[in-house]
Every structure is written in structure tokens, then in C-alpha cells.
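Welcome to this structure. Here are some notes from a colleague to go with your first look; please keep the view open as you read.

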Amino acid sequence: MLNLEYNVLEDSLSDLVVERKPGAPKLLDSDKSPPAKKSRGENVCENSIAASSSTEVMDEQIWKDFPEDLIEAVIARLPIATFFQFRSVCRKWNSLLTSPSFSEQCADVPRVNPWFFTNHRHVFTGAIYDPSLKKWHHPVFQFLPVRMATLPVASAGGLICLWDVNQLNFYVCNPLTLSFKGIPPCSDRGLAPAAVGMVLNGRTTNSGYKLIWLDCNGDHQVYDSLQNTWTCPGVVPPSIKLQLSLDLRSQTVSIGSTLYFMCANPDSVVSYDAVSGAWKRFVIPSPKHLTDRTLAECGGQLLLVGLLSNNAATCVYVWELQKMTLLWKEVDRMPNIWCLEFYGKHVTMTCLGNRGLLMLSLRSKRMNRLVTFDVSKRDWQRVPDCSFHHEKMRFWDSIGTAFFPCPTALP
């Protein structure tokens, strides 16, 4: 169940919620159960609708029978910050977080751009970036010790999978509502996963989700949230397992129910279908002079993002996989004027999000740049600097993942 204590939610998301104006309705008692939901043909507005302006009042006789499913459809399309503000209007709107019908309405809304969850590699102090507002948020994750080294490794349906490096445990949480769940340890607890993927069983988290754990030896396990257990479904084919050399710097990509992992020696991409359990391997040569690289996706298309270094020049390139030829085709590159900042410097690249809107951390000895790239619009943007709260740590050694914000997602 979600933690619906207002002081926890509103304090941790204080920068997400617009300050309530004087005279606005106050929160109702949380111990009172919300009114029962009514059908389209019944009266759905139990309270009078607020005036549209100081001089004009909406006709109650017209709006009192407004269908509730249409109300949910409208609220589901509000910006995330506005939704959290509207929750304080009445108990009914606050209860939408646990409403299955509202969860389906949210699933019908196309999410254009993801948000980004990032964390320092050595201390858990997460930060969330909203690209639409170009703003960083700093929620307080009270369910995890501050000094725990926990890394975001995958996401699906508004949920984020965290990996505890020290205790070798998994957690799944919704970074908006701060609800979380500890995942039971798998049988190979002593081994750290080389790659982790996450997919939904259906359209929303109400249908459950799966975590796929894979190591460099080809051993894998699958966690099903509905069964709350780890299983070992089938085996990796020997032709794939013997040549499995995972590229640990590349993030896993999920398209539908299929996960994609990048491998090296030789350059290839391995896929796993979480529904059928089928494994496939595609030998795809990488571009020359490519250093740091990672897989990405946009609109169901597989992408490759990486640094090309030639002599003293370094630039970020983006390629799209051609399905007929199994070759990478260049689609864009970072603006040349930005590349000049790294001329003659040793640069490393870390991908903090690889879904449609990419976030990249470009670092040299005395410089760190955060940039985003909108694949569909071919648009490069700089990201404002982010300082972590604890010990004034800056964004020098971070890891992250992209997620589509969903306030109704349950871990």
C-alpha cells in the first residue's frame, strides 16, 4: 500500500507541490474512508464546484452530474506537480492514488518525456530531474539508510529498481510517492548481477512486473512480483552463453517484453523475451574509434550512443540500428561548439537515462557536463547543475535511470 501520510508526502515533495493559497480548502481527516465511487449515470459531484472566477460561478445543475470517469480522465492528464496539488481538494481525489480505474486512465495517457532518477555511487542521496521544468527535486527516502550504497539499475511503469551493493539486495520504489518494497534475496545472493532488466506484465503495475538478473557467465534468474519469488526459467543457449561478454558500462534496454543487453568480443546485442523465455544474439559491429557506449531506445527502435575519439577531438554520436542490414546508421551528433570544450581532454561518458530523451554525463579531469538529447526532435540541451544534499557532493560520480512518472504505480 502507498504511504498516504500527508506530512511525509508533502514534505518530501515540497518542491513538486505548489504552495496552497490562503483560503484554499484544507485537507480532510485521513482516517475517514473516501466516499464510494458512483457510476456515470449517478450524481458524482457531492460538493459544489469552485467558481471559475471571482465574478462568474459555474452552474451547479449542469456540472453536478459530470461523469466521474471523465473527471479521472482529465486529472490523469494534469502535470505531475498539479496532480499532487489537487490531491488536497477532497478525500475522493486523494484516493485516486489507489484507484484501479484511475491507474488505467493514467496508462492511456501518452508520456512524451521521461524523468531521470540519479544517485551518487557511494552514498544514497537520490535526485530527480524534471526536463519539462528543467528542475531538480530532492525527495527524502526515509526507508533507506543514508550511508547505504544503493544504485538505480532498471525501471518500468513508474517504478525504479535499486541494487544494494553491500547487502546484495534489491528494492523497488516509486520515487514520487516514496512507496517501496524489499525484494526477497535470490539463490545466488553472493554474486553481483552484471545486468538487470525490468518489464511490466501488462499495461500497469497492477498486472505485476518482472526483474531479470543476468551475470557474465550466462546464469540468470527472474523475479515475478505477483508470485514474490525468483525462478530460473530455462537456460541460456550454449551458443550465446559461451560468447557472453557483457559490456558493463551499457544500460539494459526494454522494448515491450524484450530486454536487450550489449556484449563485447565480438560486438553484439543479446535479447531476452520475458514472456516466451527465448534468447537471441545479433552480431553487430560497432563504429570505429568508439570508446564509452550504451544502448538506448526511442519509439521501439534500438539506438547506440557513444563517444568517438579521433586524435584530440571527442564527440558524442547517436546511431540507429538498421534491422535489414544489422548495421548502425548515424542519426545525429553533439553540436561541434560543445565538443570543443573537451578538445585535448580525456573524456568519459555515463548514460543516466536511455528512453527517448537521453541524459548523458560527460566528465573530464576538471569538467563535468550534463546534457540531454531528444531523439525524435534531434534537440540537444544543457542540464542545470545538481548538488547532492549530503556533504555538498556534486555530480562527479553518479549513476541513474530514466522513468516515466506515475503516481499510481505500486511496487
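1. Let us begin with two residues you can pick out by eye. Both Y129 and W136 are buried. Please bear in mind as you look that this is a predicted model. Y129 and W136 also form an aromatic pair of the tilted kind, with 4.9 Å from centre to centre and 45 degrees between the planes. The count of aromatic pairs comes to 10.

2. W163, F170, Y209, Y223 and W230 are linked by ring pairs into a cluster. Elsewhere, a charge meets a ring: R382 has its charged end over the ring of W338, at 4.5 Å from the ring centre.

3. Now for the overall layout. The chain contains 8 helices and 24 strands. Of its 411 residues, 50% are buried. Among contacts with a separation of 6 or more, 54% are between residues 24 or more positions apart.

4. How far can you trust what you see? The average pLDDT of the chain is 78, and 78% of the residues score at least 70. Over residues 1-34, though, pLDDT stays under 50, and the model has 57 contacts beyond four places in sequence for this part. Residues 43-54 also have a pLDDT below 50, and this stretch has 22 contacts in the model beyond near neighbours in sequence. Where pLDDT is low, the predicted coordinates should not be read in detail.

5. One sheet to trace is an open one of 4 strands, in the order β4-β5-β6-β7 and with antiparallel pairing. Its edge strands, each pairing on one side only, are β4 (150-156) and β7 (179-183). Neighbouring strands here are turned by 25 degrees against each other on average, direction ignored. To see the pairing in detail, follow β4 and β5 (residues 159-164), which run antiparallel and are joined by 6 bridges. Within that pair, L151 stands opposite W163 in β5. W163 also belongs to the ring cluster of point 2, where it is linked with F170, Y209, Y223 and W230.

6. Another open sheet has 4 strands in the order β12-β13-β14-β15, and its pairing is antiparallel. At its edges are β12 (253-255) and β15 (279-283), each of which pairs on one side only. From one strand to the next, the twist averages 25 degrees. The antiparallel strands β12 and β13 (residues 258-263) are joined by 3 bridges, and S254 has L259 of β13 standing opposite.

7. Helix α3 deserves a look of its own. Which residues of α3 are buried? In this helix (residues 68-76), they are E68, I71, E72, A73, I75 and A76. These buried residues pack against α4 (80-86), α5 (91-94) and α6 (100-108).

8. I71 lies in helix α3. Why is I71 called buried? The relative accessible area of I71 is 17%, and I71 counts as buried because this value is under the 20% cut-off. The C-alpha atoms of I71 and F102 are separated by 9.7 Å, while the two residues are 31 residues apart along the chain.

Definitions and conventions: Residues are numbered from 1 along each chain as its sequence is written. This is a predicted model: local features need pLDDT of at least 70, side-chain atom pairs count only at pLDDT 80 or more; totals for chains, interfaces and linings use all residues. Side-chain values use heavy atoms; hydrogens and water are left out. Two strands pair if DSSP finds at least two bridges between them. Helices (H or I, at least four residues) and strands (E, at least two) are DSSP runs, numbered from the N terminus. Axes are lines fitted to C-alpha atoms, for helices over the stretch in contact, and angles run from 0 to 180 degrees between N-to-C directions. Buried means under 20% relative accessible area, exposed over 50%, partly exposed in between (1.4 Å probe, protein chains only). Contact means heavy atoms within 4.5 Å. pLDDT is the predictor's confidence in each residue, from 0 to 100. Rings of Phe, Tyr and Trp (its six-membered ring) pair if their centres lie within 6.5 Å; planes under 30 degrees apart count as stacked, over 60 as edge-to-face and the rest as tilted. A charge sits over a ring if NZ of Lys or CZ of Arg is within 6 Å of the ring centre and within 35 degrees of the ring normal.
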